[in-house]
Amino acid sequence: MNTTNLRDLYQQVILEHYKKPKHRGQTNPIDRYQKGHNPSCGDTIELTLQLDASGERVADIKFEGEGCAIAMASVDLMAGALVGKTIDEALGLVTVFQGMMKGETEFPTEHRKLNVMKGVAQFPVRIKCANLGWHTLKAALQMTGEAKLADFVSNENG
Ligand code: ZN
């Protein structure tokens with residue numbers, strides 16, 4: 001497959017997740033809640049997480065919000081990949097994603113679908129859009145205690 005076809009395929013996958021997200025909504029119950037905002041584009045998401053009974057595994061991830069196709073597709077892909085992972089595994093995948101957007105790493109076969117976002121790394125202004133969901137998830141996972149509905153994370157400096 002040549003580079004042009006590969007880029008078209010990536011765009012199709014991104015548009016598909018943007019138009020028909022599989023993880024829109026709110027988890028029930030909400031064990032973790034985090035808002036994220038990307039001022040450079042105007043993307044805003046509200047991420048909700050349900051943990052399993054042990055509190056150490058992600059049982060469900062859902063999001064609400066408005067933004068560009070890249071931001072919305074990235075968070076939908078992320079939710080699909082991370083449900084069922086332990087918190088440590090999920091944080092590990094956040095690191096892989098952030099590394100990929102810097103051109104340093106790629107996802108292994110198990111998560112190769114996430115490599116579609118790699119195409120975005122060619123466009124520096126859109127990297128923050130792709131990173132928004134992951135950045136917000138990391139904040140949600142690292143939060144301890146009760147979900148606080150007013151909490152808010154910006155990736156202005158991230
Ligand atoms: Zn955006």
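User: Which helix is Arg126 in?
Analyst: Arg126 sits in helix α4. Helices here are DSSP runs of H or I with at least four residues, strands are runs of E with at least two, and both are numbered from the N terminus. This is a predicted model: local features need pLDDT of at least 70, side-chain atom pairs count only at pLDDT 80 or more, and totals for chains, interfaces and linings use all residues. Residues are numbered from 1 along each chain as its sequence is written, and side-chain values use heavy atoms, leaving out hydrogens and water.

User: What does Arg126 touch, not counting residues up to four places away in sequence?
Analyst: Cys41, Cys68, Ile70 and Val120. Contact means heavy atoms within 4.5 Å. Take Cys68: Arg126 is 58 residues from Cys68 in sequence, and their C-alpha atoms are 9.5 Å apart.

User: Asp43: buried or exposed?
Analyst: Asp43 is buried, because its relative accessible area is 1%. Cys41 is partly exposed, because its value is 34%.

User: What stands opposite Asp43?
Analyst: Asn38 stands opposite Asp43, which is in β2.

User: How do β1 and β2 pair?
Analyst: They are antiparallel, over seven bridges. Two strands pair if DSSP finds at least two bridges between them.

User: How many residues of β1 are buried?
Analyst: Five of its seven, so β1 (residues 32-38) is mostly covered.

User: And how many bridges join β2 to β3?
Analyst: Eight, and these strands also run antiparallel. Leu47 has Phe63 of β3 as its bridge partner. The β2 and β3 hairpin has six residues between the strands, with Gly55 at a positive phi near 75°.

User: Back to α4. Where does it bend?
Analyst: At Asn131, by about 45°. The bend is the angle between axes fitted to the seven residues ending there and the seven starting there.

User: What should the 19 residues of α4 span?
Analyst: They should span 27 Å at 1.5 Å a residue, and the end C-alpha atoms are 27 Å apart, which agrees. The expected span is 1.5 Å times one less than the number of residues.

User: Which residues of α4 are buried?
Analyst: Among them are Ile127, Cys129, Asn131, Trp134, His135 and Leu137. Take Leu137: leaving aside neighbours within four places in sequence, Leu137 is in contact with Leu47, Leu49, Ile61, Met78, Leu82 and Val94.

User: Which residues have the most contacts inside the largest nonpolar core?
Analyst: Leu82, Met117, Trp134 and Leu137, in a core of 42 residues. A nonpolar core is a set of buried Ala, Val, Leu, Ile, Met, Phe, Trp, Tyr and Cys residues joined through side-chain atoms within 4.5 Å. The elements giving two or more residues to this core are α1 (3-19), β2 (43-51), β3 (58-66), α2 (69-82), α3 (87-101) and α4 (124-142). α2 gives the most, with 11 residues.

User: What covers the buried residues of α3?
Analyst: The cover includes β2, α2 and α4. The buried residues of α3 include Ile87, Val94 and Phe97. Just after α3, Gly103 takes a positive phi of about 80°.

User: New topic. Where does His23 lie?
Analyst: In the loop between α1 and β1. His23 counts as buried because its relative accessibility is 14%. Not counting residues up to four places away in sequence, His23 touches Ile61, Lys62, Phe63, Asp76, Ala79 and Gly80.

User: How do the elements run from the N terminus on?
Analyst: α-β-β-β-α-α-α-β. That makes four helices and four strands. Of the 158 residues, 44% count as buried.

Methods. Buried means under 20% relative accessible area, exposed over 50%, partly exposed in between (1.4 Å probe, protein chains only).
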